[in-house]
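Have the viewer open and follow along.

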Amino acid sequence: MRLTLLPVLAAALVGSLIANALTTDSASAADLELVKPGKLLVATEGTYPPFSMRSPDGQLDGLEIRVSKEIAKRLNLEYEPVVIKWEALLVGLAADQYDYASAAMDITAERQKQVTFADGWLESGGRIVTKKGSPIKTAADIKGKTVGVLVSSTWQKLAEDRGATAKAYKAESDALQDLVNGNIDAVITDSIAAAYAIEASKLPLVLVDEYLSHIQKGFPFKKGKPNLVKAVNKALADMIADGTYAKLTTPLIGYSPAPKDPIKSQF
């Protein structure tokens with residue numbers, strides 16, 4: 001009798017384990033508050049290098065694309081991009097058209113009232129660009145120098161506050177080219193933009209280590225999705241800690257832009 005019951009009991013036990021596993025997996029998926037089960041829908045512009053752009057073969061690539069794909073991988077989800085214009089990003093987010101937006105959005109106090117940001121995933125800000133071998137090594141060294149800045153930008157004040165003469169340009173690319181040609185001593189611009197231009201065009205320029213201003217980028221989520229935000233935060237922290245983040249971002253801009261002290265999510 002006992003021998004007859006053993007296969008039955010074993011089958012029942014296996015069935016119970018499978019059922020529990022499936023229930024656990026389903027519960028985990030539901031706990032993540034996803035728009036579509038098994039998928040991580042991420043909004044992106046697709047036209048803002050080096051954050052989001054098209055590779056020569058037409059595929060989406062860029063800092064935010066690479067990081068979001070890795071997040072999806074670590075959450076065992078399928079990455080699904082949703083290409084959308086910048087001005088519609090927060091509207092679509094509120095309407096649950098995607099799980100979060102990966103566009104290069106600055107974390108500000110005003111935006112934190114509207115959305116929940118994941119921990120800061122990238123740090124940028126104003127930095128000085130000079131020619132290789134330049135005597136300009138710190139912010140103080142631009143005193144008395146001619147510094148290129150984008151017209152009507154905050155960079156002009158940063159230059160003048162340090163005793164430099166600001167020369168305005170309609171395009172930062174023109175300022176960088178004038179620097180290469182030796183017509184100005186330095187350029188002040190966004191760290192990520194400058195680093196990408198230097199890498200992509202192989203310019204003989206370098207970034208001064210010191211930041212003149214700081215800003216962190218964050219992935220915005222619709223409020224009320226704490227489990228998903230926490231899961232993304234863990235994936236971000238883990239990929240930074242194990243070196244994957246640096247491997248993904250350095251080829252595009254020459255260094256890892258991971259924040260040393262990320263702005264934390266506000267729930």
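Gln 112, Val 115, Thr 116, Phe 117, Lys 223 and Gln 266 line the largest cavity in this predicted model. About 30 Å³ of space lies inside that cavity, and the structure holds one cavity of 30 Å³ or more. Sorted by class, the cavity lining has two nonpolar residues, three polar and one charged.

| Space | Volume | Lining by class |
|---|---|---|
| Largest pocket | about 470 Å³ | 13 nonpolar, five polar, four charged |
| Second largest pocket | about 160 Å³ | four nonpolar, two polar, three charged |
| Largest cavity | about 30 Å³ | two nonpolar, three polar, one charged |

The largest pocket, with its volume of about 470 Å³, is lined by 22 residues, and those closest to its centre are Tyr 48, Pro 49, Glu 172, Asp 190 and Ala 193. Two or more lining residues come from each of α6 (172-180), β12 (186-190), α7 and β14 (215-218). Which element gives the most to this lining? That would be α7, with seven residues.

As for the second largest pocket, its lining includes Glu 123, Arg 127, Tyr 211 and His 214. Tyr 255, Ser 256, Pro 257, Ala 258 and Lys 260 line this pocket too.

Back to α7, which covers residues 191-201. Among its buried residues are Ser 191, Ile 192, Ala 194, Ala 195, Ala 197 and Ile 198.

Now for the packing. In soluble globular proteins, nonpolar side chains tend to be buried together. The largest nonpolar core here has 50 residues, and the ones touching the most other members are Leu 40, Ile 71, Trp 121, Val 129, Phe 219 and Val 232. Elements that give it two or more residues are β1 (39-44), α2, α6, α7, β13 (205-211), α8 (226-241) and α9 (244-253). The largest share of this core comes from α8, with seven residues.

Beyond four places in sequence, Val 129 touches Leu 176, Leu 179, Ala 186, Val 187 and Thr 189, among others. Its contacts also include Ala 194 and Ile 198, along with Leu 205, Val 206 and Leu 207. A second, separate core has 14 residues, including Ile 142, Trp 155, Ala 159 and Ile 188.

One last stop is Ser 68, in helix α2 (residues 63-74). Is Ser 68 buried or exposed? It counts as buried because its relative accessible area is 0%, where the cut-off is under 20%. Setting aside neighbours within four places in sequence, Ser 68 contacts Leu 40, Val 42, Tyr 79, Tyr 100, Ser 102 and Phe 219. Two of those partners, Leu 40 and Phe 219, are also among the residues with the most contacts to other members of the largest nonpolar core.

With Tyr 100, the link is a polar contact of 2.8 Å between the two side chains. Ser 68 and Tyr 100 are 32 residues apart along the chain, and their C-alpha atoms are separated by 9.9 Å.

Technical notes: Residues numbered from 1 in each chain as written. Predicted model: local features only at pLDDT ≥ 70, side-chain atom pairs only at ≥ 80, totals over all residues. Heavy atoms only, no water. Helix = DSSP H or I, 4+ residues; strand = E, 2+ residues; numbered from the N terminus. Buried < 20%, exposed > 50% of the residue type's maximum accessible area, 1.4 Å probe, protein only. Contact = heavy atoms within 4.5 Å. Polar contact = N/O pair within 3.5 Å; in protein donor to acceptor, adjacent residues only side chain to side chain. 1 Å grid on protein atoms, 1.4 Å probe; cavity = no way out; pocket = protein on both sides within 12 Å on 5 of 7 lines; lining within 4 Å. Points joined across faces, edges and corners; volume = space filled by probe spheres on them. Nonpolar A, V, L, I, M, F, W, Y, C, P; charged D, E, K, R; others polar. Core = buried A, V, L, I, M, F, W, Y, C linked by side-chain atoms within 4.5 Å.
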